[in-house]
Amino acid sequence: MGAVRGSRVVAYGQAFGGAHSNPRPTTWTADVTDQGGTFVEHEQSFTMFGGEDAISVNAEAATASTAVLVGGWDGPGGRYGAASWTSPDGVTWTRHADADGLSSAVGEQTAASGVTSTGSGFVALGSTMRGDAGGLVVVPLAWLSQDGVGWRRVALPASGPARADVAGCDGSGCVVVGGTQTASQHLLCWTLSPSGRPGAGASGPGSGLVQPGSVLLRRGEAYVLHQVDHVSRLATVSRDCTRWAPVSLPVKTQDAALGLVGDRLLLVSTESARSRIWLRNQPQEGG
């Protein structure tokens, strides 16, 4: 996973080494120019992202001054929950396993699965799980932060168990996408105003196992890359989360990534025999 800060790229992943060639979490940075750039590895202590208290590191985003990772950690109070890591340069990192609003409070378990930059700050996505007399209650959440350390929690409206996963943000707010946490799943969409006011829209495509991948904002709509039963799909949804439409992909693949090159959609697909790059000229509104 990676994030871009101007011309600087910050990436998180794993390198294999040591006496037993075990995977160890590490970070890389590169300063990119017109002539390209070279990634430099910054080895981290094993317990910064791993070790006996580690749960996961799930997503990364960056502003001009801060890089942020979100995931899960066994916090100081012994409660598993969402956590964040921050860095001013992508080299030196600080873990925040007991951040107010983000980490688990008594009686709940929070989980952060995504994060994106708003330009001046961050929006993290996930859920909280609580038990009551009727069983487990799973509520989708968004968290807002200016620095990746202090977080303000926003509950997202849902009629049943659900989780928020990914978002696309600009000056008009965010389009947040997640999914129902039921046997037969489908996509869900929420709007999030710049002040953090949430709104719900129409249910999206699904059936079977649904996993949101990324949200790309373009004009009055958002492109949502997702998987249904481990096959990548693409759909558009209006900025108010009310109108969904499918977009055909040029290849059937499980792994894909989406981006913009000028006004053209860029799709990267990874299949068993090869990886390919696709460009879609002059995409039309609604697919």
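In this predicted model, four strands form an open sheet in the order β9-β10-β11-β12, with antiparallel pairing. The edges are β9 (108-117) and β12 (152-155). Each has a single partner strand, so one side of each is left without a neighbour in the sheet. Neighbouring strands of this sheet are turned against each other by 30° on average, direction ignored. Strands of a sheet pair through backbone hydrogen bonds, either parallel or antiparallel.

**Strand pairings**

A hairpin of four residues leads from β5 to β6. A62 is bridged to A67 of β6.

**Aromatic pairs**

The model has four aromatic pairs. Two of them are tabulated here.

| Pair | Centre distance | Plane angle | Geometry |
|---|---|---|---|
| F49 and W93 | 6.0 Å | 70° | edge-to-face |
| W73 and W85 | 6.0 Å | 80° | edge-to-face |

Why does the pair F49 and W93 count as edge-to-face? Its planes stand at 70°, and the class requires over 60 degrees. F49 lies in helix α1 (residues 46-49), while W93 sits in the loop between β7 (80-87) and β8 (94-96). The pair therefore ties together parts that are 44 residues apart in sequence. Both F49 and W93 are buried.

The other tabulated pair links two strands. W73 lies in β6 and W85 in β7, so parts twelve residues apart in sequence are tied together. W73 is buried at a relative accessible area of 6%. W85 counts as buried too, at 0% relative accessibility.

Which residues do ring pairs link into a cluster? They are Y12, F49, W73, W85 and W93.

H226 is found in strand β18 (residues 221-228). Is H226 buried or exposed? It is buried, because its relative accessible area is 3% and the limit is under 20%. A polar atom of the H226 side chain lies 3.2 Å from the backbone oxygen of V224.

Leaving aside neighbours within four places in sequence, H226 has contacts on both sides of its own position in the chain. Among them are L187, P205, Q211, P212 and G213. V231, S232, R233, L234 and A235 are also in contact with H226.

Note on methods: Residues are numbered from 1 along each chain as its sequence is written. Side-chain values use heavy atoms; hydrogens and water are left out. Buried means under 20% relative accessible area, exposed over 50%, partly exposed in between (1.4 Å probe, protein chains only). A polar contact is a pair of N or O atoms within 3.5 Å; within protein, one must be able to donate a hydrogen and the other to accept it, and residues adjacent in sequence count only if both atoms are side-chain atoms. Contact means heavy atoms within 4.5 Å. Two strands pair if DSSP finds at least two bridges between them. Axes are lines fitted to C-alpha atoms, for helices over the stretch in contact, and angles run from 0 to 180 degrees between N-to-C directions. Rings of Phe, Tyr and Trp (its six-membered ring) pair if their centres lie within 6.5 Å; planes under 30 degrees apart count as stacked, over 60 as edge-to-face and the rest as tilted.
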